[in-house]
Amino acid sequence: MALSSLYTPNSTLFPPHSVYLGFNSIKTTRSRRTSCSRLPVSSSHSNPKILKSNRRSRFGQRLSPYDNDNEHQAVDDDDDDEDEYDWLSDDPGPGFDNDKHKRKAQATTNGSINGGSMYSRMGRKQKINGNGKVMLDRNNYTGKDKESGKSSKNKYRRLLDDIDVDEKWFPLLDYLGTFGLKDSHFIQMYSRHMPSLQINVTAAKERLDYLMSVGVKTKDIKKILMRQPQILQYTVESNLKSHVAFLVSLGIQDSRIGQIITATPSIFSYSVENSLKPTVRYLIEEVGIRESDLSKVVQLSPQILVQRIDNSWNARYRFLSKELGAPRDSIVKMVTKHPQLLHYSIEDGLLPRINFLRSIGMHNSDILKVSTSLTQVFSLSLEGNLKPKYLYLVNELQNEVKSLTKYPTYLSLSLDQRIRPRHKFLVALKKAPEGPFPLSSFVPNDESFCQQWAGTSVDKYLAFRQRLLLKDLAKKYERS
């Protein structure tokens, strides 16, 4: 069945949407505390621009919205700004569980008991493996020791000082702790979306178990919760399963579903009918992505499903058409090969790299050939990548710039791990040809290179490369 037939035309392709915050139906109990929380509760939005990046806890811990602060160098931060997610559905998808009374009704004997810690030292059950070692069993929630509540208070003493924690949250905190979450992570979750910490532990376990059953790795649960804590509120039957089924309908293999969820957990906050399907329809009908290439595009850049795709595509299509004279077919090829292109800033990402290629003697037609064949050239660092490779090309390899139009792959290869070692190795063996060094020698894998060009064993080449790397490292150390 053709993908386009799954997504019926809609008179409004991108209707205005908003994020469902879910605060009104949840009342928190703070009668036992007289002081206000030191950390305000931010929107349930996933957009890091809405959060204050310089916020710190009382212990000096930076409250980043993600696990780390690394950002892609050329990611677009200009075009969409705070309107980036305005097209989210008012209904984040059926199954957004935010009813306090419903959660109480779902609590069973396996859930929270007297607010005690399920995994406290006094109250947890222990599981013994075949070697006689004690293991922590996430499936056991039957601890009833009267001391467990006190133990949890001691366990979360510092957390209690930093944010307004209800004792009823302790079982959930204990369970999430089995995935490696600590006080600093709970503070981030509280700051981003406090209601996520009020979920019944049994319901949270059901949802995380389902995510792991479709391929999410246990070690990635913490990363997902840091980016999208409200995922704990999405029910399996009405939300999680429908979104996974949507990904499968695009041709995504089961083995890749978990990777896509890990990369873009915010997908669950978008309505399948009102947001995700219209995005797919736009990619096919307006951008020109072939249906057969759609699953590949989504796997290369899952964020494309939750991006303001109409703005991104139109801005970059107009820019590349005007700046390089690129025909539509060439731009569609670029997006298909490297959909991250739609995320890159025009001013800080695309234009500086085009200007650099011009500065080394390339014409627009040459730049178009290179960027169509190797679209990721727009993601490469100027100072740390493109410039050093260009200098090595003309000074050491004695090649002209026009050789890059024939072998644009050269720009994507590692200078230290491949280009320099292979060049130096052939020179040392006195097998380097006269004149310009052949860039084609950098393309094959190590075995083919040694067989076709060096006429020696792979082990000999690898040993040479290792010595060269250590020598270069020693030089850098001396300079520093």
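Student: What is the handedness of the crossing of helix 9 and helix 11?

Tutor: The model is predicted. Helix 9 covers residues 236–249 and helix 11 covers residues 272–287. Where these two helices cross, the handedness of helix 9 and helix 11 is right-handed.

Student: Are helix 9 and helix 11 roughly parallel or roughly antiparallel to each other?

Tutor: Helix 9 and helix 11 pack at an angle of about 15°, and their axes lie 12 Å apart. Angles under 35 degrees count as roughly parallel. Helix 9 and helix 11 are therefore roughly parallel.

Student: How many charged residues has the contact of helix 9 with helix 11?

Tutor: From helix 9, S242, H243 and F246 take part, and they meet V272, L276, K277 and V280 of helix 11. By class, this contact of helix 9 with helix 11 has four nonpolar and two polar residues, and the number of charged residues is one.

Student: How is the direction of helix 13 relative to helix 15 described, roughly parallel or roughly antiparallel?

Tutor: Helix 13 (residues 309–324) packs with helix 15 (residues 346–359) at an angle of about 20°, with the axes 12 Å apart. Since angles under 35 degrees count as roughly parallel, this makes helix 13 and helix 15 roughly parallel.

Student: How many nonpolar residues has the contact of helix 13 with helix 15?

Tutor: Helix 13 passes helix 15 in a right-handed crossing. Helix 13 contributes A315, R316, F319, L320, E323 and L324, while helix 15 contributes I346, L350, L351, I354 and R358. By class, the contact of helix 13 with helix 15 has three charged residues and no polar ones, and the count of nonpolar residues is eight.

Student: How many residues of helix 5 are buried?

Tutor: Helix 5 spans residues 170–177 and is mostly covered. The buried residues in helix 5 are F170, P171, L172, L173, D174, Y175 and L176. Of the eight residues in helix 5, the number buried is seven.

Student: Which helices do the buried residues of helix 6 pack against?

Tutor: Helix 6 (residues 183–193) is mostly covered, with nine of its eleven residues buried. Those buried in helix 6 are H185, F186, I187, Q188, M189, Y190, S191, R192 and H193. The buried residues of helix 6 pack against helix 4 (157–162), helix 5 and helix 8 (221–227).

Student: Is S403 buried or exposed?

Tutor: S403 is found in helix 18, residues 403–406. Not counting residues up to four places away in sequence, S403 touches L393 and L439. The relative accessible area of S403 is 14%. Because buried means under 20% relative accessible area, S403 is classed as buried.

Student: Is K430 buried or exposed?

Tutor: K430 is found in the loop between helix 19 (415–428) and helix 20 (446–454). Its phi is near 60°, a positive value in a residue other than glycine. The relative accessible area of K430 is 78%. Because exposed means over 50%, K430 is classed as exposed.

Student: What is phi of Q398?

Tutor: Q398 is found in the loop between helix 17 (382–395) and helix 18. Q398 is a residue other than glycine with a positive phi, and the value is near 55°.

Student: What percentage of the residues of the chain count as buried?

Tutor: The secondary structure of the chain comes to 21 helices and two strands. The chain exposes about 23600 Å², of which carbon and sulfur atoms supply 47%. Of the 480 residues of the chain, the share that count as buried is 49%.

Technical notes
Residues are numbered from 1 along each chain as its sequence is written. This is a predicted model: local features need pLDDT of at least 70, side-chain atom pairs count only at pLDDT 80 or more; totals for chains, interfaces and linings use all residues. Side-chain values use heavy atoms; hydrogens and water are left out. Axes are lines fitted to C-alpha atoms, for helices over the stretch in contact, and angles run from 0 to 180 degrees between N-to-C directions. Helices (H or I, at least four residues) and strands (E, at least two) are DSSP runs, numbered from the N terminus. Angles under 35 degrees count as roughly parallel, over 145 as roughly antiparallel, 65 to 115 as roughly perpendicular and the rest as oblique. A crossing is left-handed if the near helix is turned anticlockwise from the far one by less than a right angle, and right-handed if clockwise. Contact means heavy atoms within 4.5 Å. Ala, Val, Leu, Ile, Met, Phe, Trp, Tyr, Cys and Pro count as nonpolar, Asp, Glu, Lys and Arg as charged, and the others, Gly among them, as polar. Buried means under 20% relative accessible area, exposed over 50%, partly exposed in between (1.4 Å probe, protein chains only). Accessible areas come from the Shrake-Rupley method with a 1.4 Å probe; for residues, only the protein chains shown count as cover.
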